Amino acid sequence: SFTVSCALSYAVQNRATLVNASLGYYSKRDVDSVLRKYLLLCQQATPVPVKVLAAAGNLHGPHNSSELCRTPATLQLNSSMLFYPACFNPTIPNIIAVNTLKDLSNGCFYQNYSNQFVDVGVLSKVNCCRFNVLGTGYEGSSFATPIVSGLMMGCILNNAGIVNPNCLDLISNTATSLQ
């Protein structure tokens with residue numbers, strides 16, 4: 001948490017546009033006040049807030065590849081199951097929580113989902129919840145987050161004349177709600 005907070009401070013000091021946070025931790029306790037402080041610092045950055053793309057989190061332990069395409073049943077983020085920094089997003093609007101979708105109606109078996117905490121899902125149509133990285137299929141919200149980061153950065157660069165374009169809306173061609 002200390003290292004991440006230092007990195008966020010550095011990002012603000014150097015006027016970063018976007019931070020990819022493919023990381024996180026579960027907590028049922030009080031939130032990490034130091035991390036929250038630096039995420040708020042990103043929100044208050046000028047001339048525009050620093051967007052922080054945060055992985056929504058995954059189930060701990062080994063992941064059986066034969067179960068990747070099953071519909072998740074128990075990984076819904078809520079007040080008793082929180083994953084940070086993604087779960088700061090209802091109160092800190094520059095945080096965008098990301099997971100993977102197996103189709104337009106369902107998340108991936110081992111990944112957290114939530115209508116309240118997760119903002120965007122990356123549709124993995126070809127390899128059911130996996131992303132091809134140098135010939136190997138990897139899964140997890142930390143692999144979806146850099147995809148959204150890259151698309152948003154491309155949008156920001158392509159809209160240089162627009163002050164703080166809402167690139168999440170511009171890169172998303174389909175809006176859906178998962179229950």
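Y84 is buried, at 5% relative accessibility, where buried means under 20% relative accessible area, exposed over 50% and partly exposed in between (1.4 Å probe, protein chains only). F88 is buried too, with a relative accessible area of 2%. The model is predicted: local features need pLDDT of at least 70, side-chain atom pairs count only at pLDDT 80 or more, and totals for chains, interfaces and linings use all residues. Residues are numbered from 1 along each chain as its sequence is written, and side-chain values use heavy atoms, without hydrogens and water.

Five aromatic pairs were found in the whole structure. Rings of Phe, Tyr and Trp (its six-membered ring) pair if their centres lie within 6.5 Å; planes under 30 degrees apart count as stacked, over 60 as edge-to-face and the rest as tilted. The ring centres of Y84 and F88 are 4.6 Å apart and the planes meet at 50°, so this pair is tilted. Y138 and F143 form a stacked pair, at 5.2 Å between centres and 20° between planes. Y138 is partly exposed at 36% relative accessibility, and F143 is partly exposed at 31%. Y25, Y84 and F88 form one aromatic cluster.

F88 also belongs to the largest nonpolar core, which has 27 residues. Such a core is a set of buried Ala, Val, Leu, Ile, Met, Phe, Trp, Tyr and Cys residues joined through side-chain atoms within 4.5 Å. L8, L39, V52, L77, F88 and I95 touch the most other members. Apart from this core lies another, of 14 residues, among them I96, F131, A144 and M152.
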